[in-house]
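Hi there,

Here is the structure I promised to pass on. Could you have a look at it before reading my notes below?

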Amino acid sequence: MKIKKILSVAALAGVGAVALASCGKNTKEIQISIPSDGTNQCRALKLLEAAGLIELDPAAGYSPELKDITKYVYNIKVVPQAADTLANTLSDYGASCINGTYASTAGLVPSKDGIIIEKQDGSCENPYVNIIAVRTEDKDNADYKKIADAYHTQIVAEYLIGKYEESFFPAFTYEAKTADAYSQTVKTVDDYASSTKNKTYSKKVTIGVCGARNDYWKAVQYVLDEQNADIKIELKIFSAFNLPNSALNSKEVDLNSFQHKAYLNSEVSANNYKIESLADTLIAPLTLYSKTYSSLDALKEAAGLKNN
């Protein structure tokens with residue numbers, strides 16, 4: 001079975017209209033925390049809309065703000081909070097929208113612990129697909145294109161899925177495999193990376209990244225070596241999200257890979273960087289988690305329909 005990217009938004013427990021006979025029942029306002037940063041807040045609001053909890057102004061498109069909430073369908077309160085604190089404060093809220101990176105660190109798995117998962121369209125129109133960025137003047141560089149092509153391979157897709165337990169999904173076409181197959185690919189790549197630490201190359205490409213979850217570049221290196229590309233990928237890890245684009249623009253690194261398209265576009269607009277997207281890479285879905293409610297229907301029933 002071929003998987004063509006990740007489409008739409010799917011609930012784990014009936015997104016269908018839950019009239020729920022909430023009238024006459026004891027309901028209460030339920031607080032739902034969402035990321036406070038601009039782009040992830042947009043995604044969280046779209047997720048709550050898909051869940052049927054709120055309605056948004058259609059004119060806001062992919063980028064709604066709190067002011068674009070036109071209706072609270074259910075008796076909820078949306079509370080913005082720093083994204084990196086949401087997992088730790090999950091028990092303080094009726095539910096929280098948490099992205100894959102922070103959810104995984106907290107041991108949360110979307111299909112097991114989530115009540116609705118953002119499964120984003122991987123098309124070029126989706127601003128929340130992560131990308132490899134390149135300086136505009138180097139967009140046709142043959143070695144950079146080889147790296148992008150190596151990323152868009154079955155091995156990398158299997159590694160992403162097997163290594164990160166639903167934190168990441170490939171933003172390119174791949175063939176679904178069994179869990180055992182994914183695990184075997186992860187082992188093969190990790191063993192190869194350990195055995196070739198002293199391998200020499202004639203060319204080196206430095207890629208700026210953030211955080212510690214960048215092992216999938218081992219799979220890209222594995223593919224490049226299988227192709228005899230003679231290109232060494234070297235990662236430069238930055239401590240803050242505002243640094244890799246500046247470093248790319250100033251030629252401190254050759255490429256970077258840490259951001260989605262919306263963030264890249266905002267950085268280019270704000271700083272007049274001469275950089276752009278080279279290739280799509282992965283999608284890190286946002287998920288609505290709850291320690292209190294086992295399903296979206298249960299949350300809706302507890303909240304009750306709001307008298308707008």
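First, a word on terms: on a 1 Å grid over the protein atoms alone, a pocket is an open set of points where a 1.4 Å probe fits, with protein on both sides within 12 Å along at least five of seven lines, whereas a cavity is a set from which the probe cannot get out. Lining residues have an atom within 4 Å of a point. Points are joined across faces, edges and corners, and a volume is the space filled by probe spheres set on them.

This is a predicted model, so to speak of local features we need pLDDT of at least 70, and side-chain atom pairs count only at pLDDT 80 or more, while totals for chains, interfaces and linings use all residues. Residues are numbered from 1 along each chain as its sequence is written, and side-chain values use heavy atoms, leaving out hydrogens and water.

The largest pocket holds about 830 Å³ of space. Its lining has 31 residues, with N99, T101, Y102, F241 and F258 closest to the centre. By class, 15 are nonpolar, twelve polar and four charged (Ala, Val, Leu, Ile, Met, Phe, Trp, Tyr, Cys and Pro count as nonpolar, Asp, Glu, Lys and Arg as charged, and the others, Gly among them, as polar). At least two lining residues come from each of α1 (38-50), α2 (100-105) and β14 (255-260), and β14 gives the largest share, four residues. Helices (H or I, at least four residues) and strands (E, at least two) are DSSP runs, numbered from the N terminus.

The second largest pocket has a volume of about 360 Å³. Of its 16 lining residues, A193, K218, Q221, K232 and I233 lie nearest the centre. Seven are nonpolar, four polar and five charged. Here α7 supplies the largest share, four residues.

Now the sheet. Five strands form an open sheet in the order β13-β12-β14-β9-β15, with mixed pairing (two strands pair if DSSP finds at least two bridges between them). Its edge strands are β13 and β15 (275-280), each pairing on one side only. Strand β9 (residues 130-135) runs antiparallel to β14, joined by four bridges, and I131 stands opposite Q259 in β14. Helix α7 packs on this sheet, touching β9, β12 (203-210), β13 and β14, and its direction makes about 165° with that of β13. Contact means heavy atoms within 4.5 Å; axes are lines fitted to C-alpha atoms, for helices over the stretch in contact, with angles from 0 to 180 degrees between N-to-C directions.

Best wishes
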